Amino acid sequence: MKPDDETLMAYADGELDAEDRAEVEAAIAQDPEVAAAVKRHGALRDRLRAAFDDVLLEPVPDRLIQAARTAGPAGPAASGAVSDLAQARIAKTERAARRWGAREWGAMAASVVAGILVARMAPFGGKAGAGLVASSNGELVARGALARALTEQPSGQPGVHADVMVTLSFRAKNGEYCRAFVARDTRAFSGLACRDEDDDGWRLPVLAEGGQWTGGPNGYRMAAAELPHSVIATVEATIDGEALDPEAERQALATGWRPQ
Amino acid sequence: MRTEVVALLPRLRRFARTLTRNAHDADDLVQIAVERALTRHEQWRPGSRLDGWLFGILRNAWIDELRARGRRGAIFAPEEAGEHVGEAAMDTEIEMLAVQAALAQLPEEQRSAVAMVLIEGLSYKEAAEAMDVPIGTLTSRLARGREALQVILEPRSGET
(Lines give C-alpha, C1' and ligand atoms only; values in the text may rest on other atoms or scores of the structure.)
Protein backbone atom coordinates (compact mmCIF):
# COMPACT_ATOMS: atom_id res chain seq x y z
CA MET A 1 0.00 0.00 0.00
CA LYS A 2 1.17 3.46 -0.80
CA PRO A 3 1.94 5.58 2.30
CA ASP A 4 0.17 8.95 2.39
CA ASP A 5 2.14 12.12 2.01
CA GLU A 6 2.03 12.98 5.69
CA THR A 7 3.70 9.65 6.45
CA LEU A 8 6.34 10.32 3.83
CA MET A 9 7.06 13.72 5.37
CA ALA A 10 7.35 12.16 8.81
CA TYR A 11 9.71 9.61 7.32
CA ALA A 12 11.84 12.31 5.73
CA ASP A 13 11.90 14.15 9.07
CA GLY A 14 12.99 11.07 11.01
CA GLU A 15 9.76 10.98 13.00
CA LEU A 16 8.61 7.42 12.33
CA ASP A 17 9.13 4.41 14.59
CA ALA A 18 11.01 1.39 13.27
CA GLU A 19 7.93 -0.44 12.05
CA ASP A 20 6.48 2.45 10.04
CA ARG A 21 9.91 3.26 8.75
CA ALA A 22 10.31 -0.27 7.41
CA GLU A 23 6.97 0.04 5.63
CA VAL A 24 7.95 3.28 3.97
CA GLU A 25 11.30 1.82 2.96
CA ALA A 26 9.55 -1.13 1.38
CA ALA A 27 7.30 1.26 -0.52
CA ILE A 28 10.31 3.28 -1.66
CA ALA A 29 11.93 0.13 -2.99
CA GLN A 30 8.83 -0.84 -4.96
CA ASP A 31 7.43 2.43 -6.15
CA PRO A 32 9.61 5.01 -7.92
CA GLU A 33 6.91 7.61 -7.32
CA VAL A 34 7.21 7.16 -3.56
CA ALA A 35 10.98 7.27 -3.81
CA ALA A 36 10.77 10.52 -5.77
CA ALA A 37 8.42 12.08 -3.21
CA VAL A 38 10.78 11.27 -0.35
CA LYS A 39 13.69 12.60 -2.32
CA ARG A 40 11.82 15.85 -2.96
CA HIS A 41 11.28 16.30 0.77
CA GLY A 42 14.97 15.83 1.41
CA ALA A 43 15.93 18.20 -1.40
CA LEU A 44 13.67 20.93 -0.05
CA ARG A 45 15.25 20.64 3.37
CA ASP A 46 18.72 20.90 1.85
CA ARG A 47 17.77 24.00 -0.11
CA LEU A 48 16.25 25.67 2.94
CA ARG A 49 19.32 25.00 5.03
CA ALA A 50 21.65 26.17 2.31
CA ALA A 51 19.66 29.39 2.02
CA PHE A 52 20.11 30.28 5.68
CA ASP A 53 23.31 28.56 6.82
CA ASP A 54 25.44 31.57 5.99
CA VAL A 55 23.88 33.41 8.91
CA LEU A 56 25.73 30.99 11.20
CA LEU A 57 29.01 32.18 9.77
CA GLU A 58 28.46 35.88 10.33
CA PRO A 59 30.08 37.53 13.32
CA VAL A 60 27.56 37.88 16.13
CA PRO A 61 27.02 41.55 16.96
CA ASP A 62 28.53 42.59 20.27
CA ARG A 63 25.28 43.89 21.64
CA LEU A 64 23.78 40.39 21.48
CA ILE A 65 26.70 38.84 23.31
CA GLN A 66 26.42 41.59 25.90
CA ALA A 67 22.68 40.95 26.23
CA ALA A 68 23.29 37.25 26.81
CA ARG A 69 25.96 37.99 29.39
CA THR A 70 24.29 40.78 31.33
CA ALA A 71 20.51 40.73 30.88
CA GLY A 72 18.41 39.16 33.55
CA PRO A 73 16.49 39.70 36.73
CA ALA A 74 19.39 41.64 38.21
CA GLY A 75 18.68 44.65 36.10
CA PRO A 76 17.26 44.63 32.61
CA ALA A 77 16.94 48.39 32.70
CA ALA A 78 20.60 48.84 33.44
CA SER A 79 21.69 46.57 30.63
CA GLY A 80 19.55 48.41 28.12
CA ALA A 81 16.85 45.78 27.77
CA VAL A 82 14.30 46.37 25.08
CA SER A 83 10.82 45.00 24.74
CA ASP A 84 9.94 45.74 21.16
CA LEU A 85 11.65 46.60 17.92
CA ALA A 86 10.81 50.29 17.96
CA GLN A 87 12.38 50.60 21.38
CA ALA A 88 15.29 48.45 20.27
CA ARG A 89 16.09 50.85 17.46
CA ILE A 90 16.13 53.83 19.82
CA ALA A 91 18.28 52.01 22.35
CA LYS A 92 20.67 50.96 19.62
CA THR A 93 21.13 54.49 18.37
CA GLU A 94 21.80 55.70 21.89
CA ARG A 95 24.28 52.95 22.54
CA ALA A 96 26.08 53.61 19.31
CA ALA A 97 26.42 57.26 20.23
CA ARG A 98 27.70 56.43 23.67
CA ARG A 99 30.15 53.82 22.50
CA TRP A 100 32.34 56.01 20.37
CA GLY A 101 34.68 56.92 23.17
CA ALA A 102 34.90 53.36 24.29
CA ARG A 103 35.70 52.09 20.86
CA GLU A 104 39.26 53.34 20.56
CA TRP A 105 39.86 52.11 24.04
CA GLY A 106 38.45 48.79 23.02
CA ALA A 107 40.80 48.48 20.11
CA MET A 108 43.74 48.48 22.48
CA ALA A 109 42.23 45.71 24.51
CA ALA A 110 41.01 43.76 21.54
CA SER A 111 43.29 40.83 22.06
CA VAL A 112 41.95 40.43 25.57
CA VAL A 113 38.25 40.85 24.96
CA ALA A 114 37.95 39.10 21.64
CA GLY A 115 34.29 38.29 21.31
CA ILE A 116 32.60 35.31 19.88
CA LEU A 117 33.03 35.43 16.20
CA VAL A 118 31.37 32.38 14.78
CA ALA A 119 32.93 33.38 11.81
CA ARG A 120 32.58 34.67 8.39
CA MET A 121 34.29 32.24 6.12
CA ALA A 122 36.80 34.79 4.98
CA PRO A 123 38.91 34.78 8.15
CA PHE A 124 39.00 31.01 7.93
CA GLY A 125 40.54 30.86 4.54
CA GLY A 126 38.06 31.48 1.80
CA LYS A 127 35.10 29.41 0.80
CA ALA A 128 33.25 26.89 2.89
CA GLY A 129 35.00 23.55 2.80
CA ALA A 130 38.34 24.95 1.76
CA GLY A 131 39.27 26.22 5.21
CA LEU A 132 39.51 24.85 8.66
CA VAL A 133 35.88 25.36 9.58
CA ALA A 134 32.73 24.40 7.73
CA SER A 135 29.06 24.32 8.44
CA SER A 136 27.30 20.98 8.42
CA ASN A 137 23.66 20.39 9.31
CA GLY A 138 23.49 23.73 11.03
CA GLU A 139 26.55 23.17 13.15
CA LEU A 140 30.10 24.31 12.73
CA VAL A 141 32.59 21.50 12.33
CA ALA A 142 36.37 21.24 12.06
CA ARG A 143 37.90 20.46 8.68
CA GLY A 144 41.28 19.89 7.18
CA ALA A 145 44.35 20.47 9.30
CA LEU A 146 42.23 21.56 12.25
CA ALA A 147 40.30 18.28 12.27
CA ARG A 148 43.50 16.27 11.91
CA ALA A 149 45.24 18.20 14.67
CA LEU A 150 42.30 17.69 17.01
CA THR A 151 42.36 13.97 16.38
CA GLU A 152 46.12 13.41 16.38
CA GLN A 153 47.97 16.16 18.19
CA PRO A 154 48.78 16.12 21.92
CA SER A 155 48.04 19.23 23.97
CA GLY A 156 50.65 21.90 24.38
CA GLN A 157 52.66 20.97 21.33
CA PRO A 158 52.35 23.09 18.28
CA GLY A 159 53.99 21.57 15.29
CA VAL A 160 52.44 18.40 13.99
CA HIS A 161 49.98 20.65 12.25
CA ALA A 162 51.87 23.89 12.43
CA ASP A 163 48.93 26.24 12.46
CA VAL A 164 47.01 24.57 15.23
CA MET A 165 47.77 24.22 18.89
CA VAL A 166 45.51 22.18 21.12
CA THR A 167 45.68 23.66 24.60
CA LEU A 168 43.82 21.11 26.70
CA SER A 169 41.58 18.08 26.57
CA PHE A 170 38.81 17.15 28.94
CA ARG A 171 35.70 15.07 29.42
CA ALA A 172 32.49 17.07 29.22
CA LYS A 173 29.61 16.46 31.59
CA ASN A 174 27.77 14.56 28.86
CA GLY A 175 30.71 12.15 28.56
CA GLU A 176 32.10 13.48 25.29
CA TYR A 177 35.74 14.36 24.82
CA CYS A 178 36.33 18.03 24.10
CA ARG A 179 39.48 19.97 23.28
CA ALA A 180 40.24 23.67 23.35
CA PHE A 181 42.49 24.98 20.61
CA VAL A 182 44.07 28.03 19.03
CA ALA A 183 44.55 28.13 15.28
CA ARG A 184 46.05 30.50 12.79
CA ASP A 185 44.55 31.04 9.42
CA THR A 186 44.53 34.46 7.87
CA ARG A 187 43.79 35.50 11.45
CA ALA A 188 44.04 33.80 14.80
CA PHE A 189 40.96 32.14 16.17
CA SER A 190 40.20 29.85 19.05
CA GLY A 191 37.48 27.50 19.99
CA LEU A 192 36.22 24.44 21.65
CA ALA A 193 35.85 21.20 19.73
CA CYS A 194 33.81 18.25 20.93
CA ARG A 195 34.07 14.79 19.47
CA ASP A 196 31.11 13.75 17.42
CA GLU A 197 30.83 10.02 17.90
CA ASP A 198 28.54 9.45 14.97
CA ASP A 199 30.92 10.53 12.27
CA ASP A 200 34.31 10.74 13.99
CA GLY A 201 34.30 14.48 13.43
CA TRP A 202 34.68 17.48 15.71
CA ARG A 203 31.79 19.85 16.37
CA LEU A 204 32.72 23.41 17.27
CA PRO A 205 30.23 24.69 19.83
CA VAL A 206 32.26 27.84 20.38
CA LEU A 207 34.48 29.74 18.05
CA ALA A 208 36.05 33.06 18.89
CA GLU A 209 38.30 35.52 17.23
CA GLY A 210 41.75 35.87 18.74
CA GLY A 211 43.86 33.74 21.01
CA GLN A 212 47.55 33.15 20.66
CA TRP A 213 50.33 30.94 21.72
CA THR A 214 53.97 31.41 22.37
CA GLY A 215 56.50 28.70 22.50
CA GLY A 216 58.79 27.69 19.97
CA PRO A 217 59.42 25.30 17.23
CA ASN A 218 58.76 21.60 17.52
CA GLY A 219 59.88 20.02 20.69
CA TYR A 220 59.08 22.78 23.10
CA ARG A 221 56.88 21.04 25.58
CA MET A 222 53.93 22.98 26.98
CA ALA A 223 54.02 26.19 25.08
CA ALA A 224 51.78 28.78 26.68
CA ALA A 225 48.54 29.76 25.06
CA GLU A 226 45.96 32.38 25.74
CA LEU A 227 42.34 31.68 25.02
CA PRO A 228 39.64 34.31 24.66
CA HIS A 229 37.46 34.27 27.73
CA SER A 230 34.35 33.22 25.80
CA VAL A 231 36.14 29.93 25.13
CA ILE A 232 37.35 29.61 28.70
CA ALA A 233 33.83 30.28 29.99
CA THR A 234 32.46 27.44 27.87
CA VAL A 235 35.19 25.09 29.02
CA GLU A 236 34.36 25.92 32.62
CA ALA A 237 30.66 25.39 32.02
CA THR A 238 31.03 22.01 30.33
CA ILE A 239 34.06 20.37 31.93
CA ASP A 240 33.50 17.35 34.15
CA GLY A 241 36.14 17.61 36.86
CA GLU A 242 39.66 18.36 35.68
CA ALA A 243 41.44 18.47 32.35
CA LEU A 244 42.97 15.18 31.22
CA ASP A 245 46.52 14.58 32.40
CA PRO A 246 49.10 13.60 29.76
CA GLU A 247 48.62 9.87 30.41
CA ALA A 248 44.83 10.04 30.11
CA GLU A 249 45.22 12.14 27.00
CA ARG A 250 47.60 9.61 25.44
CA GLN A 251 45.02 6.92 26.00
CA ALA A 252 42.27 9.02 24.47
CA LEU A 253 44.48 9.76 21.46
CA ALA A 254 45.23 6.07 21.08
CA THR A 255 41.60 5.03 21.22
CA GLY A 256 40.35 7.62 18.74
CA TRP A 257 38.60 9.77 21.38
CA ARG A 258 35.83 7.27 21.95
CA PRO A 259 34.14 7.62 25.33
CA GLN A 260 35.14 4.54 27.35
CA MET B 1 22.54 29.30 31.21
CA ARG B 2 24.28 32.42 29.90
CA THR B 3 27.07 30.42 28.32
CA GLU B 4 24.60 28.18 26.54
CA VAL B 5 22.66 31.21 25.34
CA VAL B 6 25.84 32.81 23.99
CA ALA B 7 26.59 29.58 22.14
CA LEU B 8 23.08 29.57 20.66
CA LEU B 9 23.29 33.14 19.34
CA PRO B 10 24.25 32.14 15.78
CA ARG B 11 21.27 29.80 15.54
CA LEU B 12 18.93 32.34 17.10
CA ARG B 13 20.06 34.82 14.49
CA ARG B 14 19.44 32.31 11.73
CA PHE B 15 15.97 31.49 13.06
CA ALA B 16 15.12 35.20 13.35
CA ARG B 17 16.26 35.67 9.76
CA THR B 18 13.72 33.09 8.63
CA LEU B 19 10.98 35.16 10.27
CA THR B 20 12.09 38.54 8.97
CA ARG B 21 14.52 39.13 6.15
CA ASN B 22 15.49 42.48 7.57
CA ALA B 23 18.79 41.70 9.31
CA HIS B 24 18.48 44.55 11.83
CA ASP B 25 14.99 43.52 12.83
CA ALA B 26 16.21 39.94 13.13
CA ASP B 27 19.00 40.92 15.52
CA ASP B 28 16.60 43.08 17.52
CA LEU B 29 14.35 40.04 17.85
CA VAL B 30 17.29 37.98 19.08
CA GLN B 31 18.11 40.61 21.66
CA ILE B 32 14.53 40.78 22.88
CA ALA B 33 14.31 37.00 23.09
CA VAL B 34 17.60 36.71 24.98
CA GLU B 35 16.59 39.39 27.45
CA ARG B 36 13.17 37.87 28.01
CA ALA B 37 14.62 34.39 28.41
CA LEU B 38 17.22 35.43 30.96
CA THR B 39 14.65 37.45 32.88
CA ARG B 40 12.36 34.44 33.16
CA HIS B 41 14.96 31.71 33.16
CA GLU B 42 13.08 29.89 35.92
CA GLN B 43 10.36 29.14 33.36
CA TRP B 44 12.67 26.92 31.35
CA ARG B 45 12.11 23.24 32.13
CA PRO B 46 15.44 21.51 32.67
CA GLY B 47 15.62 18.49 30.41
CA SER B 48 13.79 20.24 27.59
CA ARG B 49 15.77 21.80 24.80
CA LEU B 50 16.97 25.30 25.48
CA ASP B 51 17.04 26.17 21.79
CA GLY B 52 13.38 25.24 21.32
CA TRP B 53 12.40 27.33 24.31
CA LEU B 54 14.32 30.33 22.99
CA PHE B 55 12.86 29.90 19.49
CA GLY B 56 9.39 29.99 21.02
CA ILE B 57 10.16 33.20 22.90
CA LEU B 58 11.69 34.75 19.80
CA ARG B 59 8.69 33.82 17.71
CA ASN B 60 6.30 35.31 20.28
CA ALA B 61 8.30 38.54 20.17
CA TRP B 62 7.89 38.54 16.39
CA ILE B 63 4.13 37.96 16.64
CA ASP B 64 3.90 40.86 19.10
CA GLU B 65 5.80 42.99 16.63
CA LEU B 66 3.52 42.04 13.74
CA ARG B 67 0.50 42.97 15.84
CA ALA B 68 2.06 46.25 16.90
CA ARG B 69 2.83 47.08 13.30
CA GLY B 70 -0.75 46.34 12.42
CA ARG B 71 -1.82 48.86 15.04
CA ARG B 72 0.72 51.43 13.91
CA GLY B 73 -0.41 51.10 10.33
CA ALA B 74 1.99 48.52 9.00
CA ILE B 75 5.18 50.45 8.55
CA PHE B 76 7.40 47.56 7.67
CA ALA B 77 11.11 47.95 7.68
CA PRO B 78 12.43 47.49 4.18
CA GLU B 79 13.48 44.02 3.21
CA GLU B 80 17.08 43.58 2.27
CA ALA B 81 16.50 40.97 -0.32
CA GLY B 82 18.30 42.76 -3.11
CA GLU B 83 21.24 43.75 -1.02
CA HIS B 84 23.57 40.99 -2.06
CA VAL B 85 22.73 40.95 -5.72
CA GLY B 86 25.63 42.58 -7.44
CA GLU B 87 27.07 42.15 -10.88
CA ALA B 88 28.99 39.19 -9.60
CA ALA B 89 25.94 37.50 -8.17
CA MET B 90 26.42 33.81 -8.60
CA ASP B 91 24.02 31.00 -9.17
CA THR B 92 24.25 29.88 -5.59
CA GLU B 93 23.40 33.37 -4.41
CA ILE B 94 20.39 33.60 -6.68
CA GLU B 95 19.30 30.20 -5.47
CA MET B 96 19.61 31.30 -1.83
CA LEU B 97 17.63 34.45 -2.43
CA ALA B 98 14.94 32.50 -4.28
CA VAL B 99 14.52 30.09 -1.37
CA GLN B 100 14.49 32.94 1.16
CA ALA B 101 11.88 34.78 -0.87
CA ALA B 102 9.76 31.65 -1.16
CA LEU B 103 9.82 31.12 2.59
CA ALA B 104 8.91 34.78 3.13
CA GLN B 105 5.71 34.24 1.15
CA LEU B 106 4.35 31.73 3.64
CA PRO B 107 2.02 32.76 6.45
CA GLU B 108 3.90 33.18 9.70
CA GLU B 109 2.56 29.93 11.20
CA GLN B 110 3.79 27.79 8.33
CA ARG B 111 7.04 29.68 8.12
CA SER B 112 7.82 29.06 11.80
CA ALA B 113 6.95 25.37 11.50
CA VAL B 114 9.18 24.95 8.45
CA ALA B 115 12.03 26.91 10.05
CA MET B 116 11.94 25.05 13.35
CA VAL B 117 11.73 21.54 11.89
CA LEU B 118 13.50 21.70 8.54
CA ILE B 119 16.14 24.33 9.22
CA GLU B 120 16.68 24.16 12.98
CA GLY B 121 16.12 20.41 13.26
CA LEU B 122 13.63 20.35 16.13
CA SER B 123 11.45 17.26 16.41
CA TYR B 124 7.72 17.62 15.80
CA LYS B 125 7.13 17.45 19.53
CA GLU B 126 9.73 20.09 20.33
CA ALA B 127 8.47 22.43 17.62
CA ALA B 128 4.86 21.97 18.74
CA GLU B 129 5.89 22.87 22.28
CA ALA B 130 7.83 25.92 21.12
CA MET B 131 4.79 27.13 19.17
CA ASP B 132 2.43 26.07 21.96
CA VAL B 133 0.15 24.04 19.69
CA PRO B 134 -0.82 20.34 19.52
CA ILE B 135 1.39 18.11 17.36
CA GLY B 136 -1.40 17.65 14.80
CA THR B 137 -1.54 21.40 14.26
CA LEU B 138 2.21 21.55 13.86
CA THR B 139 2.31 18.74 11.31
CA SER B 140 -0.49 20.22 9.22
CA ARG B 141 1.24 23.63 9.20
CA LEU B 142 4.45 21.93 8.22
CA ALA B 143 2.74 19.96 5.45
CA ARG B 144 1.02 23.03 4.01
CA GLY B 145 4.21 25.07 4.24
CA ARG B 146 6.14 22.40 2.42
CA GLU B 147 3.55 22.04 -0.30
CA ALA B 148 3.52 25.78 -0.87
CA LEU B 149 7.32 25.88 -1.04
CA GLN B 150 7.40 23.00 -3.53
CA VAL B 151 4.92 24.85 -5.73
CA ILE B 152 6.86 28.13 -5.57
CA LEU B 153 10.25 26.53 -6.06
CA GLU B 154 9.40 23.63 -8.36
CA PRO B 155 10.25 25.34 -11.65
CA ARG B 156 13.82 25.75 -10.47
CA SER B 157 14.31 22.25 -9.16
CA GLY B 158 15.39 20.90 -12.53
CA GLU B 159 18.33 23.27 -12.60
CA THR B 160 19.81 22.42 -9.24
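Two residues count as in contact here if their C-beta atoms, placed from the backbone, lie within 7 Å. Everything below comes from a predicted model, in which local features need pLDDT of at least 70 and side-chain atom pairs count only at pLDDT 80 or more, while totals for chains, interfaces and linings use all residues. Residues are numbered from 1 along each chain as its sequence is written, and chains are lettered from A and ligands numbered from 1 in the order in which they are written.

**View 1. Arg111(B) and its surroundings.**
Helices (H or I, at least four residues) and strands (E, at least two) are DSSP runs, numbered from the N terminus. Which residues does Arg111(B) contact, leaving aside its neighbours within four places in sequence? They are Thr18(B), Leu19(B), Leu103(B), Leu106(B) and Gly145(B). Arg111(B) has 22 other C-beta atoms within 10 Å, so it is buried. (The cut-offs: buried means 20 or more other C-beta atoms within 10 Å of the residue's own, exposed means 12 or fewer, and partly exposed is in between, with C-beta atoms placed from the backbone.) Arg146(B) is 35 residues away along the chain, with a C-alpha to C-alpha separation of 9.3 Å from Arg111(B).

**View 2. Helix α5 of chain B, end to end.**
α5(B) covers residues 108–119 and is mostly covered, with ten of its twelve residues buried. Among them are Gln110(B), Ser112(B), Val114(B), Met116(B) and Ile119(B). Just past the helix, Gly121(B) adopts a positive phi of about 75°. As for the rest of chain B, there are seven helices and zero strands. Buried residues account for 44% of its 160 residues. Of the contacts in chain B between residues at least 6 apart in sequence, 66% link residues at least 24 apart.

Over to chain A, which has nine helices and nine strands. Two strands pair if DSSP finds at least two bridges between them. β3(A) (residues 164–172) and β4(A) (residues 177–184) run antiparallel and are joined by seven bridges. Phe170(A) stands opposite Cys178(A) of β4(A). The β3(A)–β4(A) hairpin has four residues between its strands, and Gly175(A) takes a positive phi near 95° there. β4(A) also pairs with β5(A), antiparallel over seven bridges, and Cys178(A) has Cys194(A) in β5(A) as its bridge partner. Seven of the eight residues of β4(A) are buried, so the strand is largely enclosed by the rest of the structure.

Next along, β5(A) (residues 188–196) pairs with β6(A) in the antiparallel sense over seven bridges. Ser190(A) stands opposite Ala208(A) of β6(A). In chain A as a whole, buried residues make up 37% of the 260 residues.

**View 3. Where the two chains touch.**
The contact draws 43 residues from chain A and 44 residues from chain B. On chain A's side, the elements giving two or more residues include α3 (32–52), α5 (85–108), β6 (201–209) and α8 (229–238). α3(A) gives the most, with ten residues. By class, chain A's side splits into 28 nonpolar, five polar and ten charged residues. For the class names, Ala, Val, Leu, Ile, Met, Phe, Trp, Tyr, Cys and Pro count as nonpolar, Asp, Glu, Lys and Arg as charged, and the others, Gly among them, as polar.

**View 4. α8 of chain A against α1 of chain B.**
Two packed helices are described by the angle between their axes and the distance between the axes. Here, α8(A) and α1(B) (residues 2–19) pack at about 125°, with axes 10 Å apart. Axes are lines fitted to C-alpha atoms, for helices over the stretch in contact, and angles run from 0 to 180 degrees between N-to-C directions. The pair is therefore oblique (under 35 degrees is roughly parallel, over 145 roughly antiparallel, 65 to 115 roughly perpendicular, and the rest oblique). Ser230(A), Ala233(A), Thr234(A) and Ala237(A) of α8(A) meet Thr3(B), Val6(B) and Ala7(B) of α1(B). That contact has four nonpolar, three polar and no charged residues.
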